[in-house]
Amino acid sequence: MAYKISSFEDKTTNESMVDKSELDTFPKLLRHNATRLPDRPAMREKEYGIWQSWSWRDYYEQVSAFANGLASRGFKRGDKVMLVGQNRPRLYWAMSATQSLGGIPIPTYADSVADEMRYVIEHAEARIVVAEDQEQVDKMLEVREHCPNIDLIIYDDNRGLRDYDPNLVISFEKIQEEGRVFVINNPDYLQQNIDQGKGSDTAVILYTSGTTGKPKGVVLTHSNLVSNAKACAEFEGLNENDSVVAYLPMAWVVDYFISYAQAHVCGYCVCCPESPDTLVHDKIEIGPTYHFTSPRVLESQRTDIMIRMEDAGAVKRKMFSFFLGVAECVGIDIAEGREVSFKNRILFRIGKILVYEPLKNVLGYSRTRLTYTAGEAIGPDMFNFFRAIGIHLKQVYGQTEASPFVTLQPNNQVRPDTVGVPITDVEVKLSEQGEVLYRGPGVFQEYFKNPEATSSAKTEEGWVHTGDAGFFDNEGHLKIIDRTKDVGKLNDGSMFAPKYVENKLKFFSQILEAVTFGHDKDYVTAFINIDHGAVGDWAERRGLTYASYQELAAHPEVYKLIENCIVQVNQDLSNDELLASSQIRRFLILHKELDPDDGEITRTRKVRRSTITERYGVLIDALYEGKPSCHIDTEVTFEDGRKGTISADLEIRDCEMFIPMAKAS
Amino acid sequence: MSTKGNNSDVLLEVKNISLSFGGVNALTDISFDVIQGEIRAIIGPNGAGKSSMLNVINGFYHPQQGEVWMNGAKRKALKPHQIARQGIARTFQNIALFKGMSTLDNLMTGRVTLMRSNMLWQALWKGPAEKEEIQHRERVEHIIDFLEIQSIRKTPVGRLPYGLQKRVELGRALAMEPKLLLLDEPMAGMNIEEKEDMCRFVIDVNEEFGTTITLIEHDMGVVMDISDRVVVLDYGRKLADGVPDEVRSNQDVIDAYLGVPH
């Protein structure tokens with residue numbers, strides 16, 4: 001398959017301007033990089049307090065030695081190698097070496113327990129394991145008692161591994177030494193194997209941590225990943241001058257993509273932190289230019305900044321809040337390249353020197369020109385906070401099966417509530433139920449040894465079901481609203497996406513949880529759980545007195561506060577053609593927090609709708625019967641396992657609703 | 001474990017040590033040896049003289065009677081810093097780190113006895129001093145890596161939790177590259193998880209660096225697990241000496257720990 005020559009390749013020398021279609025596998029790309037960028041850093045790792053680096057030439061040498069070592073031990077094409085550990089250069093090299101010999105690497109989550117690994121090893125029939133350290137080796141030995149198909153365990157860190165069986169547990173260096181001997185007699189073996197590789201070969205099997213049932217192994221080919229990596233790099237203008245910090249779990253497609261696939265395609269440098277504990281510092285030292293993060297991390301970073309600023313001196317605090325105000329006002333406009341008044345431009349400049357740049361440095365963003373966030377919905381507030389101080393934050397949408405990105409946000413069209421436009425060569429369409437389907441060169445081959453699941457996820461024409469409901473807004477940007485199975489319909493036939501509305505509510509710090517109802521009903525109603533900390537704090541500052549959570553939740557002032565939040569959400573929803581009828585008409589504040597002990601939410605804080613409908617049926621009825629209040633007795637489980645009942649009279653309020661913009665105009 | 005070394009590799013031997021403070025006999029006629037490469041535990045009830053014994057070994061106390069033999073030669077009465085140069089390092093029951101200094105600097109102080117360049121060069125921070133410091137820093141970084149304390153490299157020690165301070169202290173002792181490492185209650189006051197970590201480090205130090213270790217410890221489970229041989233003291237006298245199993249079944253030891261009707 002031929003690909004467009006990307007912009008970054010324009011800089012390459014004539015010598016390397018070979019036919020690009022030959023570079024269809026990662027080993028070929030690596031070999032190419034070793035001649036194209038021999039002295040550019042390819043990998044760094046902080047060890048013994050110093051950043052050690054390996055150029056592309058070194059990278060290739062290390063990989064070759066290891067690959068030859070595997071070859072000397074009779075490695076065959078199609079053999080599978082499992083990788084267990086944190087992001088270490090040698091694990092990436094092992095991945096590359098495996099692919100060079102036509103094998104298939106299978107990275108796994110370092111923190112999985114032995115039982116979970118056993119499933120993957122048995123399912124994938126891995127024969128060789130490359131483990132980071134003693135902890136992982138011990139896990140593998142435990143697994144091996146049940147599945148003897150493991151016949152070689154290779155380790156990176158030799159600490160504590162002296163007394164292990166030397167025929168079974170072998171160091172990475174030892175294999176490399178063997179490889180350096182092997183190559184003397186078989187100088188062309190590796191080259192031939194690399195040349196034999198095709199784009200349609202399996203590059204990697206990534207096991208997705210399924211929330212239901214056993215994990216599924218997603219089979220991705222070299223072409224899948226190379227095409228997606230090229231398309232995205234071209235879209236964002238990534239090149240060999242970039243750098244990333246490899247800190248995401250190696251088994252996650254995003255790490256595979258950023259720390260491996262794109263690194264090979266673009267030739268940029270991947271930096272491995274010293275240990276997970278030192279990540280924050282290491283990130284500041286490296287200053288990655290390209291970064292992937294999650295809303296949860298951003299949230300904790302922002303909270304951390306705010307708390308630390310509370311403790312700062314008065315001058316600093318004033319300066320901070322003043323310039324943050326400036327950023328809030330004009331930061332987004334500047335980021336998007338819109339006209340801003342002269343005064344504000346000057347103020348923003350000063351703010352940049354005094355506040356924004358130091359802040360970015362502390363967060364490790366001083367050189368970052370591209371930051372992705374994905375995984376869950378991000379509050380517009382938080383999104384804009386980071387964008388305003390000059391961090392180039394963008395949302396992406398994708399999944400392992402798409403290897404991995406489906407849509408990206410073009411520069412100057414970054415929105416907090418959309419995920420952007422389909423990347424080059426990827427088509428996205430919506431099913432009649434509003435489910436997002438996509439098709440393109442990145443689409444996975446199959447779920448390993450699971451044709452049933454494959455056929456239900458992928459249609460004959462190559463469309464993949466995402467299970468997400470979404471729609472395109474008027475700019476042509478995809479907006480993801482909920483899982484398809486949760487999306488319902490109001491009685492008037494309009495769409496109702498509970499999670500979308502709930503997320504909007506939860507973006508307010510005062511609201512901890514929200515549960516909305518509306519499927520097969522005339523209008524939308526909501527249960528609200530206040531955030532005890534945030535609302536308690538708010539009440540304290542206002543001098544409101546309350547004795548218990550229940551009393552606080554029922555306080556008229558608190559009701560007013562929450563009502564304001566809901567009105568804002570309603571106003572926001574009214575701008576949305578499709579979801580304007582999802583505005584909340586009536587709500588109540590629950591007298592107790594939803595609790596996993598009572599089965600109302602899962603341990604990972606996902607609302608269990610069925611349990612809630614069952615337990616609070618009376619309240620739901622009251623919401624739809626128009627009653628001003630309702631009495632309820634609820635059984636609760638205390639932490640020591642005893643059960644008790646709490647009863648309360650809950651007030652139900654009506655909210656202001658807005659005429660949809662589309663209809664009004 | 002008892003296969004380590006043999007009797008010809010005696011690293012340290014104490015012969016008939018008696019130590020008294022005024023009228024109090026802290027140690028009475030104690031003899032035992034420490035073999036190259038072993039983990040040797042000294043146990044005993046409170047006031048048995050364990051810490052005094054360590055203080056004799058590292059030269060802080062000078063016994064009224066008896067001899068200390070190191071590497072097959074009788075040791076003269078030396079000051080603690082001279083003994084440190086002979087390759088004996090220790091940690092303390094109550095942590096004795098420089099609280100205001102970072103972990104890294106604390107570990108670097110462990111290298112002082114090994115530094116050779118003179119004060120003038122060091123003050124100028126040029127030439128041999130610089131080169132030497134880089135070498136020492138490298139060694140210290142290996143220890144930081146070994147003890148997994150990378151994340152607190154630059155943190156002032158006073159701000160660290162107790163368990164980590166203990167680990168830093170072990171690191172400083174290791175930085176001296178001792179032949180014999182004396183640990184005075186390395187696991188006192190730790191929770192189970194910290195104890196397990198510390199046990200692992202003690203064993204790893206012994207195995208990876210080949211350092212001979214003499215330790216005092218109260219947690220019998222720990223002692224019996226990790227030590228090769230145990231010497232038991234009670235009221236300044238030696239009650240028993242042998243491998244953990246022998247000591248465990250020794251009637252005198254059981255009496256000393258559980259008490260006997262008088």
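1. Of the 665 residues of chain A, 45% count as buried, where a residue is called buried if 20 or more other C-beta atoms lie within 10 Å of its own, exposed if 12 or fewer, and partly exposed in between, with the C-beta atoms placed from the backbone. In chain B, buried residues make up 38% of the 262 residues. The structure is a predicted model, in which local features need pLDDT of at least 70 and side-chain atom pairs count only at pLDDT 80 or more, while totals for chains, interfaces and linings use all residues. Residues are numbered from 1 along each chain as its sequence is written, and chains are lettered from A and ligands numbered from 1 in the order in which they are written.

2. On confidence, the model scores ipTM 0.74 and pTM 0.82. The pLDDT, which is the predictor's confidence in each residue on a scale from 0 to 100, averages 87 in chain B, with 95% of the residues scoring at least 70. Within chain B, confidence is lowest in helix H4 (residues 119–124), at a mean of 73, and highest in strand S8 (residues 212–216), at 94. Over residues 1–5 of chain B the pLDDT is below 50, and this stretch has 10 contacts in the model beyond near neighbours in sequence; two residues are in contact if their C-beta atoms, placed from the backbone, lie within 7 Å.

3. Chain A has 22 helices and 29 strands, the helices (H or I, at least four residues) and strands (E, at least two) being DSSP runs numbered from the N terminus. The C-alpha atoms of chain A fill a box of roughly 85 × 65 × 50 Å, taken along the principal axes. Its radius of gyration is 27 Å, which agrees with the value near 26 Å that a compact globule of 665 residues would have; this radius is taken over C-alpha atoms, and the globule rule is 2.2 Å times the number of residues to the power 0.38. Among contacts in chain A between residues at least 6 apart in sequence, 64% join residues at least 24 apart.

4. Chain A is divided into domain 1 (27–37 + 49–222) and domain 2 (487–664), with bounds that come from an automatic or database domain assignment. The C-alpha centres of these two domains of chain A lie 50 Å apart.

5. Helix H16 (residues 498–506) of chain A is mostly covered, since eight of its nine residues are buried. Among the buried residues of H16(A) are A:Pro498, A:Tyr500, A:Val501 and A:Leu505, and also the lysines A:Lys499, A:Lys504 and A:Lys506. The elements of chain A that cover them include strand S22 (478–483), strand S25 (511–517), strand S26 (524–530) and helix H19 (556–574).

6. Turning to the other chain, there are 10 helices and 10 strands in chain B. The radius of gyration of chain B is 19 Å, close to the 18 Å that the globule rule gives for 262 residues, so chain B is as compact as a globular protein of that length. Its C-alpha atoms fill a box of roughly 65 × 40 × 40 Å, taken along the principal axes.

7. Chain B is divided into domain 1 (1–87 + 178–262) and domain 2 (98–177), and 27 Å separate their centres, taken over C-alpha atoms. The contact takes 11 residues from domain 1 of chain B and 10 residues from domain 2 of chain B. On the side of domain 1 that touches domain 2 in chain B, H7(B) gives the most, with four residues. The residues of that side divide into eight nonpolar, one polar and two charged, where Ala, Val, Leu, Ile, Met, Phe, Trp, Tyr, Cys and Pro count as nonpolar, Asp, Glu, Lys and Arg as charged, and the others, Gly among them, as polar.

8. Helix H6 (residues 162–175) of chain B is largely enclosed by the rest of the structure, because 11 of its 14 residues are buried. What covers the buried residues of H6(B) includes helix H3 (103–109), H5 and H7 of chain B. H6(B) is followed by B:Glu177, whose phi is positive, near 50 degrees.

9. Finally, where the chains meet, 10 residues of chain B are in contact with eight residues of chain A. On the side of chain B that touches chain A, H5(B) gives the most, with five residues. The residues of that side divide into one nonpolar, three polar and six charged.
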